[in-house]
Amino acid sequence: MLQIGRAASWALDFRFLSRKQPSIQRRTVALSKSSASHTSNMTIPTPPIGEKVDHIMEMFGDVRNDQYYWLRDDSRSNPKVLSHLQQENVYTNAVMADTRQLQEELYNELRGRIQEADMTVPLRKGTYFYYEKTLEGKQYKQHCRQLIVGGEGPGSVNEVMKTGPDEPVEEVVFDENVEAEKHEYYHIGAFKVSPNHKMIAYAEDTKGDEIYTVYVIDAQNGELIGSPLMGIADSLEWADSETLVYITMDDIHRPFKVWRHHLGSDQSDDTCLYHEKDEEFYLELHQSESKEYHFVVSGSKTTQFVLYLNLSDPRKELKYVTQRVEGVDTVVSHRGNHFFIKRRSEEIFNSELLVCPIDDLTATTMLLPHRPSIKLQELQAFKDYLVVYERENGLVKVTIYHLPPAGEPIKSLSSGQTIQFIDPIYSVSPVESQFNSHILRYEYGSLHTPPSIYDYDMNIGKSVLKKVEPVLGGFDKEKYEILRKWAVASDGTQVPISIVYRKDMVKLDGTDPLLLYGYGSYEICIEPDFRATRLSLIDRGFVYAIAHIRGGGEMGRKWYEDGKLLKKKNTFTDFIACAEYLLKNQFGSKEKICIDGRSAGGLLIGAVLNMRPDLFKAAVAGVPFVDVVTTMLDSSIPLTTAEWEEWGDPREEKFYFYMKSYSPVDNVQSQNYPNILVTAGLNDPRVLYSEPAKYVAKLREKKTDNNLLLFKCDFGAGHSSKSGRYIIFKMLKIFVRKVDLIGKHDEGSYMNDDDQDESDKKD
């Protein structure tokens with residue numbers, strides 16, 4: 001599924017305009033001077049005002065009255081709640097109605113940058129090349145393969161899959177478009193080919209609630225094999241060509257049981273291999289690069305241990321590689337008769353690398369010691385090599401180490417070879433590769449370099465470019481400047497900012513429009529990578545910036561730890577410091593700055609709007625986690641128990657009052673706010689739709705300005721919004737509103753520097 005941006009994988013749609021809507025009052029609103037030439041006036045509905053119903057909650061002597069608690073309906077069927085959400089959608093659609101011409105222009109522009117008929121770089125798997133294709137006019141992918149003429153082998157960096165009448169025919173093993181036609185929402189999670197290449201197992205979500213159904217089909221004719229597996233998490237692997245291993249979730253969407261399933265048997269007869277009973281721990285399932293082991297990972301936010309299943313006999317039970325030790329986090333890779341173990345603890349916060357024989361797990365040898373300024377991020381094992389991904393000064397470094405022959409002891413790592421990259425700031429990540437090959441495949445990109453797939457010959461140290469994501473419409477990376485700057489936070493910490501703009505469009509004199517994006521949670525690194533959809537802003541003169549704030553992982557583990565629990569406010573003050581730095585150094589205008597974040601990034605947006613509403617012109621909060629205290633007190637809500645080590649457990653007084661001091665819903669004040677857009681997905685299992693709904697209702701009650709406040713609840717989506725690569729282009733409405741709000745476009749706008757006519761915000 002095509003992503004339009006990290007903070008923008010959601011979209012507006014006008015589908016409710018074609019359905020019968022609840023009767024609501026309407027009013028005529030005069031437009032700003034800049035809009036007057038477009039439409040002299042227009043009729044839009046009055047913003048919905050949520051009913052206030054007392055709901056008293058008391059803890060530690062503190063009383064909260066959540067008068068919009070009634071908006072939560074876990075069945076998603078309460079007519080009163082649905083009517084309120086529909087009224088919000090009607091209002092948003094009406095406010096956006098006069099931008100339809102520009103929306104269409106931007107839609108065509110965005111779609112015009114995409115090469116609709118495209119394919120991924122083929123990857124050798126056994127005797128086949130496997131790859132994915134997109135077709136012109138189609139929303140979803142085809143999963144394809146082609147027989148390799150020379151048979152199985154390591155391949156070459158210069159190898160190209162040949163096509164033509166004299167070559168093996170292409171096999172379409174699964175076409176998502178066919179199945180997607182049956183559903184309003186459609187997403188494929190795990191997609192796994194059996195070891196004998198005769199079957200495909202895939203996980204399908206048709207609601208957006210991230211509860212999957214697994215189907216097994218014949219790879220030749222697509223016929224269904226056996227009965228589907230129901231209620232599955234997106235974790236699925238083949239143990240052999242007759243056996244699947246998968247994970248199920250409990251009532252709060254916590255992956256908690258690992259199962260073994262034999263094809264042809266009933267799901268009710270499956271064997272439970274492991275049951276994680278601790279509600280703060282959740283399970284993941286991975287296959288080793290060697291395809292010889294399954295690793296079952298049980299982890300919380302601070303502790304993680306690993307069990308393994310030897311696939312030489314998948315009927316055996318799981319065994320421990322690493323034990324559960326509070327505060328110790330381990331990740332395991334396999335090669336030959338050794339396990340590689342990445343281990344982190346409070347003292348070894350950026351991780352160390354160990355190796356041990358499989359038959360003596362206690363006989364560990366140190367390969368890479370802990371380094372306070374370098375974070376050991378990821379491992380990738382090959383038959384003859386070990387690839388290590390490390391992060392230093394916010395950027396990833398890739399180093400390749402040659403290993404001794406399998407079976408010999410591994411006492412140390414030889415001096416490694418490091419891949420060199422050309423941009424001053426960039427993103428690099430591993431791509432699936434062949435274990436038995438000497439070829440490392442990776443993806444590289446930057447804020448002005450489209451995603452590029454490289455094959456790196458580890459024998460000779462040579463990278464070969466295999467594909468650059470096409471960007472149509474005359475894109476020229478040389479027109480764009482990319483920079484890394486550093487803001488100084490309130491406690492003196494230097495916070496990195498990644499910046500891109502078009503050299504011939506911006507003035508850098510403090511008058512340019514500026515979009516600042518942030519996230520800052522879960523140790524997630526927001527990479528300075530490329531998104532073609534940003535060009536619709538950048539090519540109109542926007543400066544685009546990413547604030548790499550604490551709570552993320554860009555600067556190492558301590559960077560994360562200094563932005564969580566009782567230090568969470570560092571995330572918000574870092575973001576404010578970045579905005580102030582950009583404005584002070586003339587990367588944008590205070591009258592033209594829009595901020596953007598989604599999910600935990602939506603919490604960021606909500607918090608900084610309460611703290612510094614005067615600093616911003618507009619804000620976008622996508623599926624925002626904004627009702628922190630109430631959510632974290634309710635263990636029946638998905639993710640809550642596992643999140644206590646991220647945010648704190650408000651059943652403890654110190655966490656309760658600290659959370660309450662920044663929770664956006666609990667801190668909405670009677671003050672002026674900038675223009676705001678909030679979005680939600682009705683089926684979202686991660687952030688309940690009621691959180692943003694309550695947030696908007698309280699803003700409507702409290703705020704003292706006449707700026708836009710728009711709320712769009714997608715009735716057919718979850719946390720990641722509607723599926724399909726073209727549906728996602730309805731994000732253009734966000735672009736339109738951002739452009740218009742900041743008054744940069746000739747087509748007219750609702751909000752100009754001296755005009756504030758409306759009542760709310762954007763989408």
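User: In this predicted model, which residues of helix α11 (residues 653-662) are buried?

Analyst: Helix α11 of the predicted model has Phe655, Tyr656, Tyr658, Met659 and Tyr662 as its buried residues.

User: What covers the buried residues of α11?

Analyst: The cover includes the strands β3 (56-59) and β4 (62-65). It also includes the helices α7 (569-584), α8 (600-611), α9 (628-632) and α10 (640-647).

User: Why is valine 81 called buried?

Analyst: Buried means under 20% relative accessible area. Valine 81 has a relative accessibility of 2%, and therefore it counts as buried.

User: Where is valine 81 placed, and what is it in contact with beyond four places in sequence?

Analyst: Valine 81 lies in helix α2 (residues 79-96). Apart from neighbours within four places in sequence, valine 81 is in contact with Trp70, Leu71, Asp73 and Tyr689. The C-alpha atoms of valine 81 and tryptophan 70 are 7.8 Å apart, although these residues are separated by eleven residues along the chain.

User: Why do cysteine 525 and cysteine 713 count as buried?

Analyst: The cut-off is under 20%. Cysteine 525 is buried because its relative accessibility is 14%, and cysteine 713 because its value is 0%.

User: How many disulfides are there?

Analyst: A disulfide requires a pair of cysteine sulfur atoms within 2.5 Å. By this rule the count is zero.

User: What is the pLDDT of the protein, and where does it stay under 50?

Analyst: The mean pLDDT is 88, with 89% of residues at 70 or more. Values stay under 50 over residues 1-40 and over residues 724-733. Where pLDDT is low, the predicted coordinates should not be read in detail.

Conventions. Residues are numbered from 1 along each chain as its sequence is written. This is a predicted model: local features need pLDDT of at least 70, side-chain atom pairs count only at pLDDT 80 or more; totals for chains, interfaces and linings use all residues. Side-chain values use heavy atoms; hydrogens and water are left out. pLDDT is the predictor's confidence in each residue, from 0 to 100. Contact means heavy atoms within 4.5 Å. Helices (H or I, at least four residues) and strands (E, at least two) are DSSP runs, numbered from the N terminus. Buried means under 20% relative accessible area, exposed over 50%, partly exposed in between (1.4 Å probe, protein chains only).
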